[in-house]
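Subject: Structure handover

Hi,

Here is the structure for you to take over. Please open it alongside these notes.

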Amino acid sequence: MNPKDTHGAAGTHSAVRQYVVGRKPYYRPVADEVRLYEAAYAARLPMMLKGPTGCGKTRFIEYMAWKLGKPLVTLACNEDMTAADLVGRYLLDADGTRWMDGPLTLAARFGAICYLDEIVEARQDTTVVIHPLTDARRVLPLERKNELVHAHPDFQLAISWNPGYQSVLKDLKQSTRQRFGALDFSYPPREIEIEIVAHESGVDLQSAGRLVSIAERSRNLKGHGLEEGMSTRMLIHAGALIAQGIEPMTACEVALIRPITDDADMRDALAAAAHACF
Amino acid sequence: MTSFFEVERRLSLYLRALWGRDIKLDAFADSQGAHAHRRSTIAGDFISLPQSWADSADRSGLALYRAAVAHASAHLMFTTRRFPTDGLDPLQVATVSTIEDARVEARALRAFPGLRGLWGPFHATEPDGSVTAAALLARLARVLFEENYRDDHPWVAKARRLFLGQQDRWEDPSLSLTLGSLLGKDLRQLRAPFDFGTWVVEPAYRDDNLGIWDFGADDEVIRQGARHSGSEGGRARITPGPGVAAGEAGQSTVLTAAGPEAWSTELLSPPVRYDEWDYLIGRERPTWCTLQECAAAQGDHHHIDQVLERNRDLVNRVKQLVRALQVQRPIRLRKRIDGDRLDLDASIDATIDIRAGQRPDPRVHVTIGRRQRDLAVLVLLDLSQSTNDRVPGAGTTVLELAREATALLADAMDRIGDSFAIHGFSSNGRHEVRYCRFKDFDHPYGELAKSLLAGMSGQLSTRMGTALRHAGRCLNERRAHKKLVLLITDGEPSDIDVHDNRYLVLDAKKAVENNSRLGIHTYCLSLDPKADRYVSRIFGQRNWTVIDHLRRLPEVLPLLYMRLTH
């Protein structure tokens, strides 16, 4: 397969066409992250998106892929993942064996953005396979196939991880970290978060404002009995319930308070704080 | 009847959620016969509440507690300075207090409109024909709180008009003083009878307003003899009182047996010298601190067994978690001679070999095995003087709670089979950092370790960096895949010969970095509610937890450990 063998309006190879982000994803820029990512992409710099769960990392990368007009190959990492799951393997067919590219190889060969979500979940011996792709070499050796894949000029690697995830056994090696530029993600400032919640869930700005106030209350409790505050994603879920006609406090119970903790005192305090916001 | 101690944790979490800062709560002892008139009170950063509040038909004691802490915390947030009583008569003081109550509530309502639903049910005063100043003040409180409520008494109506007319000045505490002085004078001219000594603030959730006044030279005297609250005479803080401790003598005998003298001065090894980071000169001061390993005093090991006995429920819960931890980590072992499934990759390779005419590798199965935990953990306890402080509401000390928590953690680690040590430290200037080992890696967790744990005591200061360096050195000698220092401390680093707080904080940070370079993780469990200021500087963004409620330490520590090492 020749990387130059591209066709289609966007010049995308048919092998990765299904990964093209068709519709414009909603993303509300918070600072200059779009400009920074565009610059990083122009330099083909591998990027790391750091931030707590549900603050918009994945949505951002989808938006950037759409904006840059590149296909996006996403892979959620888990600890059972092997290097073969990333680079590919031989399969059997009627005529013998057939090589099947893994998602990383696919992206490198045909010029997509490859996004490894929650990279720390993968074992460290797995993550090292990305190393040769993330320095000046930009190659991916396929040992079993005895092939050296030179990355397509459009290829870029992005990873995400949540630094608040508390397990000393799961961390990113320095040799991996130092290959990436990093963008810090956090919950957006109040006004912007209200706008996002209102847009995504369909509730009015006033209700969205209250939901954001409740989330701010829970974020005050981070490290004091809560592992994480309520994420923007949770607020959107609560808003969606409200937009369906569910009574606001019930929606908060279902979408915010019950999922975030099992601690009875904490639930009570969060419910009381939520009441204070309505 | 709702008891303060049942709801204390909910209330303090509630306040932290609302305002994002730590507000301390405590309870004052009940005085006989004053139940209906008890009001909360604010003293410095503390909100003092009655030990219990009765439930009534239309509201629970919890609702009253919640309304009370929400109101008092609004004072802490918005009454930015105390008012001087100079030149004010008692009626003016009472009026200013009522207006200030309304002002802080109005400001809190701007941020949290839902508080109206919390406070509203308590405002039930109706005009009943009595024109005592107390009745008028209660009516004033209602009319200022409920915008749609009308009261036609001329003084009340005037007060309402003035207060609502100055909404743009609600940010400014001196508004209450100006309006209150003026209206207090009017009230005096109405010749409404008023006895400041027996006046009780209405509604019931509001505090006695002592906290917002500065009584000048007599301040302390007046606070002591606070007459106009129902809590008169009995407002002794019950929490730090030694009398409570006596009631739990059975539990603290060991504690008292091991006084400061229990620290042996017998040295177990030659003193070790460590460098210390001085941020001012940007380099390490070589061999600056001297660490001595001392023998730990022995206590009664039955004490530790009693701790486990007392927490039987928790121990059982931890046991189940331990079991889960042991079996829950399946790992797929590939390329086995036999197993429950075919290994797809190996099968394909074998088939390729067969087609190529070569002898295939027969190891084509996958089996599920258990992940080996290869972990060495050093639990490092801060044994400084402050650990002898009593924990409000728990009837015990920080040290005792740390001891209980460590006993439960050790029990869990012993069950899991992790290699662990328990060490402690304190310091008396840079020449005398003391370090003792309650249990070491190679020693079994048996009677000796338990009796040493039972004998541990708190004294002197906290030179954290040197202790962390020594703990790092101990761990560095171990062979393990992952190494962890779990530091349990109740305050920021400090010592008698250092006056610059940042110095020891930055040294501790350096020690953590040095350990990390040796492949040793450091995790801190801080018992200091104000720790947010400095812990993340020392331990990095994610390697710490501040425990929200000290009494829960024994419960939290084993669970935290399992989460960390999962």
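This is a predicted model: local features need pLDDT of at least 70, side-chain atom pairs count only at pLDDT 80 or more; totals for chains, interfaces and linings use all residues.

**Chain B overall**

Chain B has 566 residues, and 43% of them count as buried. Its secondary structure comes to 19 helices and 20 strands. Take the contacts in chain B with a separation of 6 or more: 74% of them join residues 24 or more positions apart.

**The sheet S2-S4-S3**

Start with an open sheet of 3 strands in chain B. The strand order is S2-S4-S3, and the pairing is mixed. S2 (24-28) and S3 (41-43) of chain B are the edge strands, each pairing on one side only. From one strand to the next, the twist averages 35°.

S2(B) runs parallel to its partner S4(B), residues 46-50, with 5 bridges between them. Within that pair, B:Lys24 sits opposite B:Phe46 of S4(B).

Two helices pack on this sheet. H1(B), residues 4-19, touches S2 and S4 of chain B, and its direction makes about 165° with that of S2(B). H2(B), residues 61-78, touches S2, S3 and S4 of chain B, and its direction makes about 155° with that of S4(B).

B:Gly357 follows H13(B) and has a positive phi, near 80°.

S8(B), residues 272-278, and S9(B), residues 283-294, are antiparallel partners with 6 bridges. B:Glu276 stands opposite B:Arg285 in S9(B). The two strands form a hairpin, with 4 residues between S8(B) and S9(B). In the turn, B:Gly282 has a positive phi of about 70°.

S9(B) also pairs with S17(B), residues 433-439. Here the sense is parallel, over 4 bridges. B:Leu291 has B:Val433 in S17(B) as its bridge partner.

At what angle do the axes of H11(B) and H15(B) cross? H11(B) is residues 301-310 and H15(B) is residues 447-454; their axes cross at roughly 90° and come within 6 Å. The two helices, H11(B) and H15(B), are therefore roughly perpendicular to each other.

From H11(B), the contact takes B:His301, B:His303 and B:Ile304. These meet B:Glu447, B:Lys450, B:Ser451, B:Leu453 and B:Ala454 in H15(B). The contact of H11(B) with H15(B) has 3 nonpolar, 3 polar and 2 charged residues.

**Two single residues**

Is B:Ile368 buried or exposed? B:Ile368 counts as exposed, because there are 11 C-beta neighbours inside 10 Å and the cut-off for exposed is 12 or fewer. Its place is in S12(B), residues 365-370. B:Ile368 and B:Asp340 are 28 residues apart in sequence, with 8.1 Å from C-alpha to C-alpha.

B:Gln385 lies in the loop between S13 (375-382) and S14 (390-391) of chain B. B:Gln385 has 16 other C-beta atoms within 10 Å and is therefore partly exposed. Leaving aside residues up to four places away in sequence, B:Gln385 touches B:Gly458, B:Gln459 and B:Leu460. The C-alpha atoms of B:Gln385 and B:Thr462 are 8.7 Å apart, while 77 residues separate the two along the chain.

Best wishes

Methods. Residues are numbered from 1 along each chain as its sequence is written. Chains are lettered from A and ligands numbered from 1 in the order in which they are written. Axes are lines fitted to C-alpha atoms, for helices over the stretch in contact, and angles run from 0 to 180 degrees between N-to-C directions. Angles under 35 degrees count as roughly parallel, over 145 as roughly antiparallel, 65 to 115 as roughly perpendicular and the rest as oblique. Two residues are in contact if their C-beta atoms, placed from the backbone, lie within 7 Å. Ala, Val, Leu, Ile, Met, Phe, Trp, Tyr, Cys and Pro count as nonpolar, Asp, Glu, Lys and Arg as charged, and the others, Gly among them, as polar. A residue is buried if 20 or more other C-beta atoms lie within 10 Å of its own, exposed if 12 or fewer, and partly exposed in between; C-beta atoms are placed from the backbone. Two strands pair if DSSP finds at least two bridges between them.
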